[in-house]
Amino acid sequence: MKKFFIILSISLTGLLFISSVPQVNAQVGQIWETIIGQPRDDAPGDDGLTPGVFRPPFKCGLTYAGSTYPAHSDYSVDFNRGVVDLGDPIRASANGRVSYIYLPNGQVHITHAGGYETVYAHMQKIQVRTGDTVRLGEQIGEIGNVGQSTGPHLHVNHLKNGNRIKVSYNGVPYPASLPTGASRAGPLVRGFCP
Ligand SMILES: [Zn+2]
């Protein structure tokens, strides 16, 4: 048994070492999670936020309306700023690491401290790569109409330990479309001003 733990610690040291190569970093995160049972602390430096607290991913000075929709059947929130939001900048909601990108849906996943993850979808432009570390307020892309989308908007999901939770900004959660199955508008959000 002791031998097992020695091999385990050598393996983990190895994982830490190859984590320095950005391309393999995301995969290492997955392996790490499998072995250790919980996600790595993926927040580079201190953004001053308690894990699980996020800032709106929008440009300072702009205001967006968000709503949950029954078609999503979950906690997903779609954000719009009238009809003029195509190309608006999308920014990281907290410090984190880009863990996954799915181009056909214009989708970026960022993992954060505490097992949290934020997902941004339908972006027409993606300005980060898998493995990148990003800081709160850093631009990651632009609002688009890419993938499963019928008009320009930003689709957002928040997850903890891989499970979807309510999207929340500044500690204020959006209502879920369930259990009533109705569209439910949440609070207006203003872009984060550093
Ligand atoms: Zn959506």
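Begin by selecting histidine 158, which counts as buried because 23 C-beta neighbours lie inside 10 Å; a residue is called buried if 20 or more other C-beta atoms lie within 10 Å of its own, exposed if 12 or fewer, and partly exposed in between, with the C-beta atoms placed from the backbone. What you have open is a predicted model, in which local features need pLDDT of at least 70 and side-chain atom pairs count only at pLDDT 80 or more, while totals for chains, interfaces and linings use all residues. Residues are numbered from 1 along each chain as its sequence is written.

Keep histidine 158 selected and show its surroundings. Leaving aside neighbours within four places in sequence, histidine 158 is in contact with residues including Phe54, Tyr116 and Ile165, where contact requires C-beta atoms, placed from the backbone, to lie within 7 Å. The C-alpha atom of isoleucine 110, 48 residues apart from histidine 158 along the chain, is separated from that of histidine 158 by 9.8 Å.

Next, select the strand that holds histidine 158, namely β10; strands are DSSP runs of E with at least two residues, numbered from the N terminus. Two strands pair if DSSP finds at least two bridges between them. Strand β10 (residues 154–160) runs antiparallel to β2 (residues 77–80), to which three bridges join it, and here phenylalanine 79 stands opposite leucine 154. Strand β6 (residues 116–121) pairs with β10 in the antiparallel sense over six bridges, with tyrosine 120 opposite valine 156.

Now follow the chain from β10 into β11 (residues 163–165), which pairs with β10 in the antiparallel sense over three bridges, and find histidine 158 opposite isoleucine 165. These two strands form a hairpin with two residues between them, and asparagine 161 in the turn has a positive phi of about 50°.

Select valine 156 next, which, apart from its neighbours within four places in sequence, is in contact with Val77, Phe79, Val119, Tyr120 and Val167. Valine 156 is also among the members that touch the most others in the largest nonpolar core, which has 29 residues; such a core is a set of buried Ala, Val, Leu, Ile, Met, Phe, Trp, Tyr and Cys residues joined through C-beta atoms within 7 Å. The largest share of this core, three residues, comes from β6.

Finally, turn to the open sheet of three strands in the order β3-β9-β7, with antiparallel pairing. Its edge strands, β3 (89–91) and β7 (125–126), each pair on one side only. In β9, glutamate 142 is the bridge partner of proline 89.

Definitions and conventions
Helix = DSSP H or I, 4+ residues; strand = E, 2+ residues; numbered from the N terminus. Contact = placed C-beta atoms within 7 Å.
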